[in-house]
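Visitor: I would like to learn how to read pockets, cavities and cores in a model. Please take me through them one by one.

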Amino acid sequence: MSPAPELLRATVLHTPRNPFTEENALHVHTDGALLIAGGRILDTGDYAALSSANPDALVRDWRGSVILPGFIDTHVHFPQTHIIGGLGWGLLDWLRLHALPEEERMGDWVYAGVVARDFIRALARHGTTTALVFGAHFGEAMECLFQSACAAGIRIASGLVFSDRLLPAPLCQTPEQAYRISRDLIARFHGRGGQRYAVTPRFALSASEGMLEVCGTLLREQPDVLFQTHINENPREIADVRAAFPWAENYLAVYDRFGLTGPRSVFAHNVHASDAELSRLAEAGASVAHCPCSNAMLGSGIFPMRRHLAGGVRFALGTDVGAGTGFGMLKEALQCYMMQRLLPDGVPLSSTHLLYLATRAGADALGLSDETGDFTPGKSADLVCLRPAEGTPLAGAM
């Protein structure tokens, strides 16, 4: 027996089109409704019309609230949940002093399970229904993460973090170990309950050519997994990559040589990109995860949004916890707006752009635009309902 449809009545906002390239991207229904059944969106529109057409639907009256698509975080580190707020350092020193010691603790699967549950709860509490998650360096910790996501109904893509040099010994594997553990995780979790696997070298600096070859092998063997890593975040990092791979024209060329640049690839940061790299990213259909709070907190720089737009490079928002300042995607969108205001050639952003970057743009980056990101009928009913507390300035502005 099919479940009875429900009408969710509130102000409804979503961006089924790209406001950077198309007009009328924002769809607004001030007294609107979503018609849902079986976890799917059947229709979106004005409440009066939908109510008249569906007299038997159960109405949930949420007037005074705003319904948005569930937020999509394209770059967040689950092992760093407990170390948010390590101020005063650049990227490489922050990794050494804060992130990597905490990530070593993920070798204790009991502790990893606690962090995984805290992480998934934090996503849900902030309205994030889908995330591309940088995982742990340990297979058992990854099991904890996938199991917690499945239990909570949060859609994630994640994978074992690959490193075989320059990091502390507990965080390193051999290429053979990385391949074996990944194959096992793919078999057990990829495609289960909306979960997907993402091949995840930490960054080129900590991955040998042999390890990058394993990444390419996994992508060829499993054509629907994702690829994620870091790129062009910090000038010192870029210089070290240049020294480690003297044959490479630029940072992206390291990944490109091993077949890792494509439409299933998401590169975090890309603050200091060359024109050649932007051209190649656009040609390959790859995406960038823009993490403005982390870029500011680590002093990495300001994202060159105008150059990405001019080059045709796709990008969406990521919180980059724990270098970022929290799990809230609305906070990330606001920081994105403010950072662009500081650039002489920054992009003037509207609320429509920010909503798109926190929702539909992420779905496009993760290859999920047919499933989530906006309220087009047939998509998953991923949504967040926001209602300001009574007596607050925000409530007064509604």
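**Pockets, cavity and cores**

Guide: The second largest pocket is lined by 13 residues, and Asn18, Val313, Arg314, Phe315 and Tyr356 lie nearest its centre. Two or more residues of this lining come from each of helix 11 (305–311), strand 13 (314–317), helix 13 and helix 14 (360–365). This is a predicted model, in which local features need pLDDT of at least 70 and side-chain atom pairs count only at pLDDT 80 or more, while totals for chains, interfaces and linings use all residues. Residues are numbered from 1 along each chain as its sequence is written, and side-chain values use heavy atoms, with hydrogens and water left out.

Visitor: What are a pocket and a cavity here?

Guide: Rolling a probe the size of a water molecule over the atoms shows where empty space is left. On a 1 Å grid over the protein atoms alone, a cavity is a set of points where a 1.4 Å probe fits but cannot get out; a pocket is an open set with protein on both sides within 12 Å along at least five of seven lines; lining residues have an atom within 4 Å of a point. Grid points are joined across faces, edges and corners, and a volume is the space filled by probe spheres set on the points. For the second largest pocket that space is about 230 Å³.

Visitor: Which residues lie nearest the centre of the largest pocket?

Guide: They are Leu13, Val66, Leu68, Leu330 and Leu386, out of 18 lining residues. The largest pocket holds about 480 Å³ of space. Helices (H or I, at least four residues) and strands (E, at least two) are DSSP runs, numbered from the N terminus. Helix 13 gives the largest share of the lining of the largest pocket, 5 residues.

Visitor: How many residues of each class are in the lining of the largest pocket?

Guide: Ala, Val, Leu, Ile, Met, Phe, Trp, Tyr, Cys and Pro count as nonpolar, Asp, Glu, Lys and Arg as charged, and the others, Gly among them, as polar. The lining of the largest pocket has 15 nonpolar, 2 polar and 1 charged residues. For the second largest pocket the lining has 7 nonpolar, 4 polar and 2 charged residues.

Visitor: How many cavities of 30 Å³ or more does the structure hold?

Guide: There is 1 cavity of that volume. About 120 Å³ of space lies in the largest cavity. Its lining has 14 residues, with His77, Leu91, Leu95, His230 and Glu233 nearest the centre. Helix 2 (residues 91–104) supplies the largest share of this lining, 3 residues.

Visitor: Which residues have the most contacts inside the largest nonpolar core?

Guide: A nonpolar core is a set of buried Ala, Val, Leu, Ile, Met, Phe, Trp, Tyr and Cys residues joined through side-chain atoms within 4.5 Å. Buried means under 20% relative accessible area, exposed over 50%, partly exposed in between (1.4 Å probe, protein chains only). The largest core has 96 residues, and Phe78, Met106, Phe119, Phe162, Val199 and Tyr255 have the most contacts inside it. Helix 3 (residues 109–125) gives the largest share of this core, 8 residues. Apart from this core lies another, of 11 residues, including Ile72 and Leu366.

Visitor: Is Gln335 buried or exposed?

Guide: Gln335 counts as buried, because its relative accessibility is 18%. Gln335 lies in helix 12. Leaving aside neighbours within four places in sequence, Gln335 is in contact (heavy atoms within 4.5 Å) with Pro292, Cys293 and Ala296.
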